Amino acid sequence: MSKKGEIVLSGVRPTGQLHLGNYFGALRNYVKMQEEYNCYFFIADLHSLTTHPDTRELREHILSVTSYYLASGLDPDKCVLYCQSDLPQTTELYLYLNMLAYKGELEKTTTFKDKIKQHPENVNAGLLTYPVLMASDILIHRAHYVPVGKDQEQHLEMTRTFGNRFNHRYGEVFPEPKAFNYGAQLLKVPSLDGAGKMSKSENQYATIYLSDDDDLIRKKVMKAKTDSGPTEPNSEKPDYIVNIFDMMKLVSDPSAIEKYEADFNACTIRYGDLKKQLAEDMVRFISPIREKAKAIREDERALSIILKVGAQKAAENAEKTMQMVRQAMGLKYF
Ligand code: TRP
């Protein structure tokens, strides 16, 4: 398929294991996007330093995330896959954009306010300028579309602000990046405890990681919250039961879902059976990805080549942008 000219870009912080929410909310879409757009996907290791200064496990996390990206179907021949710190152009742009970002607007950022509450002992300048670094990631490739979740929309809005500010002051270099995802609504994968969505760090038992082994997946699913079942035919499902059905929609056969829907409406549903079905379907879905990622992770040489080649391809485009930036800013003296 020939690609549209637009550029898609997204990044992920290597701060924890990838989970089912990452897969259905992001990864699965990236795999489709790489067929249609010029895609850049990267591991945001520099961003992780704002909250995780300990670098001992960083390398392992970067290699692990890359393995899962590849195992999920990202193809280094179809997209550019790289590690943020391998692209120094990003940090140069970050410096220039920092002069266009005001302290007041950075302090108002929701993620900043949340993070300083969580870690009052580490309110560093990198945390304050997190959105500037993210804007640099996006603008360095002059990206048009950024597939991100709701929690990142404010950062994207700030990226547009910084890009426009640059364009007005120094001349047109950056297109306005837009949020972008397939489907009308972003897919949220619910947490198994019936509260919120799956997340990397909160309540480990409510989140299914792509690295979970078969028994752990079964255990987690079987622990999902239920009750003694409906007492009136065709009653409304409580949230946590809706969640279980929503999870089935991701991995189970439609006929199985129909059967349990009918059982629910007839008040004959056995939640134990429902969860057993979901657990087996989940295992069937995740285990091939996990095993593939394991095999990919073992070939460290191949992995490092993929990331190096990715960084080279990313640098080609990034250097073009930086030449435009330096030219527009009048930083080319000779
Ligand atoms: N801030 C994003 C997150 O926490 C990660 C990220 C960094 C990113 N740079 C980006 C996402 C650029 C999209 C585009 O998930």
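This is a predicted model: local features need pLDDT of at least 70, side-chain atom pairs count only at pLDDT 80 or more; totals for chains, interfaces and linings use all residues.
Residues are numbered from 1 along each chain as its sequence is written, and side-chain values use heavy atoms, with hydrogens and water left out. The protein chain is divided into domain 1 (7-188 + 300-329) and domain 2 (212-293), the bounds coming from an automatic or database domain assignment. Between them, 8 residues of domain 1 are in contact with 10 residues of domain 2, where contact means heavy atoms within 4.5 Å.

Helices (H or I, at least four residues) and strands (E, at least two) are DSSP runs, numbered from the N terminus. In helix α4 (residues 88-98), the buried residues are Gln-89, Thr-90, Leu-93, Tyr-94, Tyr-96 and Leu-97; buried means under 20% relative accessible area, exposed over 50%, and partly exposed in between (1.4 Å probe, protein chains only). These residues cover an arc of only 165° around the axis, so they lie on the same side of α4, the arc being that of the directions from the helix axis to the C-beta atoms. Among the elements that cover them are α7 (125-128), α8, α9 (153-170) and α14 (300-329).

Arg-142 is located in the loop that runs between α8 (130-139) and β4 (145-146). Although buried, Arg-142 has no salt bridge, and the nearest side chain of opposite charge, that of Glu-319, is 10 Å away; here Lys and Arg count as positive and Asp and Glu as negative, while His and the chain ends are not counted. When neighbours within four places in sequence are left aside, the residues in contact with Arg-142 include Ile-7, Phe-174, Asn-317 and Met-324.

A salt bridge is taken as a side-chain nitrogen of Lys or Arg within 4 Å of a carboxyl oxygen of Asp or Glu, and by this rule the count comes to 23 salt bridges. One of them joins the side chains of Asp-212 and Lys-220 (2.8 Å, N to O), both of which are buried. In another, Glu-261 pairs with Lys-237, with the closest N and O atoms 2.9 Å apart. This pair links distant parts of the chain, 24 residues apart, with Glu-261 in helix α12 (residues 254-265) and Lys-237 in the loop between α10 (214-222) and α11 (239-251). Glu-261 is partly exposed, at a relative accessible area of 23%.
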